[in-house]
Amino acid sequence: MSLDSDVIVDRRRIRRKLTFWRVAAGVIAIAAIIGVGAVATTSGPAALSATSSIARVNIEGLIRSDQQRVEALERLEKSNHAAVIIHINSPGGTTAGSEQLYDSLVRLKAKKPVVVVVEGLAASGGYIAALAADQIVARQSSLVGSIGVLFQFPNFTELLKTVGVKVEEVKSSPLKAAPNGFEPTSPEARAALDALVKDSYAWFRGLVKERRGMDDALLEKVADGRVFTGRQAVELKLVDQLGDEKTAVAWLVSEKKVKSDLPVRDYKLTPRFGDLTFLRTAASITFDALGLSSIARQIEQGGVAQAVDQLSLDGMLALWRPAAPN
C-alpha cells in the first residue's frame, strides 16, 4: 500500500510540474508574438520587411469620421511603401467623414503616388475619396458618381395624430432643433436646411471641377446626382482609365517610375483586436501548450471574437442608395 501511495504522489508532482511548464511556455509565446504583432500593426507589414512594396488599402461600406483610419494613413505616409493602391467599394456616407478621408488621402498623396481602383461602387462620398488620387481606375461595370448631397429626416406628424399623441416643447428660437419630426417642417426650417445642402453641394461640385479639370458644361452633365458605369465615366472624365489592380500597377511603373517587381501587400486601416492574426496565433499556441488542441484549432479557424458594427449616420450625407422596390 505504501508503494502505491508513493507512486500516486510522484505522478501528481510530475503532473503539476508539466502543467507549470506548459503555462510558462504559453506565456512566453504570447509575449513574443504580441511583440512582433505590435510592430506589424503599428508600422504596417513593411516594418517586418527590409524590401519596399506597394501598399493595398481597402475602403469598403459606409464612410463616416474615423480617427483610427486617419492615424493609420498617417503611419502609411511614413512607411517605406513605394506607392499606394486604394480599392474603393462604397456608396458614400456622411459628408464630414468623406471630407476627412479625402483630406487624409491628399496628405498621403503628397508623400507617395496614390492610385484608386473602383471595384463595384464609388458613389457620393466614395467618389469624394477617389478624387484625392493621382489616377482613378475603374472596371467597365463599376458604378461611379452620384455627385450630390442629401439631408433626410422622418416626419411622424400624421402617425402622432392617429394615435392621439402630441409632443410639446419649449425652445429658445424657432429654428432650434428643426426639423424634429414631430411637427410639420416650417418654411423657415426647410429654407435653412436647403442652404446647408446647397453649400455642401457647391463644395462637392467645386472639388470635382478642380480635381478632374472639367468645364462648367461637363460639370452640369455629371453633377445631377446620377451614377455612371465605368465605361461612361471614362468618357465623362470622372475616371482616367478602365482596368483593375494590374492596370494601376502598370500606371505606377510607367508614370511614377515605381519598380515593376515590387509586391503589392495589404495594409490594414482598422485592425480589430479579436481578429488580429498574431493574437489568434498566440491564443492557439497557449491552448496547445495546455493540452487543449481542439480549442486551439477552433480559435485558428474562427478568431478570438467576432466584431459586430452598428453604424449610425448623422447629419448631411453624401450617399447613393437605389430606391427600394414598392
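**Notebook: salt bridges, sheet and cores**

I started at D266, which counts as partly exposed because its relative accessibility is 37%; the class lies between buried (under 20% relative accessible area) and exposed (over 50%), with a 1.4 Å probe and protein chains only. A note on my source: this is a predicted model, where local features need pLDDT of at least 70 and side-chain atom pairs count only at pLDDT 80 or more, while totals for chains, interfaces and linings use all residues. Residues are numbered from 1 along each chain as its sequence is written, and side-chain values use heavy atoms, with hydrogens and water left out.

**Entry: the partner of D266**

Which residue does D266 form a salt bridge with? I found R56, with the closest N and O atoms 2.7 Å apart. My cut-off for a salt bridge is a side-chain nitrogen of Lys or Arg within 4 Å of a carboxyl oxygen of Asp or Glu. Helices (H or I, at least four residues) and strands (E, at least two) are DSSP runs, numbered from the N terminus. I also noted that E245 joins R56 and D266 in a network of salt bridges.

**Entry: E77 and K111**

The side chains of E77 and K111 meet in a salt bridge at 3.6 Å, N to O. E77 is in helix α2 (residues 67–78) and K111 is in the loop between α3 (95–109) and β4 (114–123), so this pair ties together parts 34 residues apart in sequence. Are these two buried or exposed? E77 counts as buried, because its relative accessibility is 14%. K111 counts as exposed, at 56%.

**Entry: R139 and E119**

R139 and E119 also meet through their side chains in a salt bridge, 3.0 Å from N to O. Since R139 lies in the loop between β5 (135–138) and β6 (143–145) and E119 in strand β4, the pair ties together parts 20 residues apart in sequence. R139 is partly exposed at 34% relative accessibility, and E119 is partly exposed at 23%.

**Entry: strand β4 and its neighbours**

β4 is mostly covered, with eight of its ten residues buried. It pairs with strand β2 (residues 83–90) in the parallel sense over six bridges; for pairing, DSSP must find at least two bridges between the strands. In this pairing I86 stands opposite V116 of β4. β4 also pairs in the parallel sense with β5, over four bridges, and there V115 stands opposite Q135 in β5.

H87 has its place in strand β2. I wrote it down as buried, because its relative accessible area is 9%. Leaving out residues up to four places away in sequence, H87 touches R56, V57, N58, I59, V117, E119 and E245; contact here means heavy atoms within 4.5 Å. This list brings back E119 from the R139 bridge, as well as R56 and E245 from the network.

D244 is in the loop between β8 (241–242) and α9 (245–255), and is partly exposed with a relative accessible area of 27%. With residues up to four places away again left out, it touches V117, V137 and R139. How far apart are the C-alpha atoms of D244 and E119? They are separated by 7.9 Å, although the two residues are 125 apart along the chain.

**Entry: cores**

Which residues have the most contacts inside the largest nonpolar core? They are I86, Y127, V222 and L238, in a core of 44 residues. I count as a core a set of buried Ala, Val, Leu, Ile, Met, Phe, Trp, Tyr and Cys residues joined through side-chain atoms within 4.5 Å. Apart from this core lies another, of twelve residues, among them I85, V115, A248 and V249. I86 touches V57, I59, L105, V114, V115, V116 and V117, not counting residues up to four places away in sequence.

**Entry: whole chain**

The protein chain has eleven helices and ten strands, and buried residues make up 37% of its 326 residues. Among contacts between residues at least 6 apart in sequence, 77% join residues at least 24 apart.
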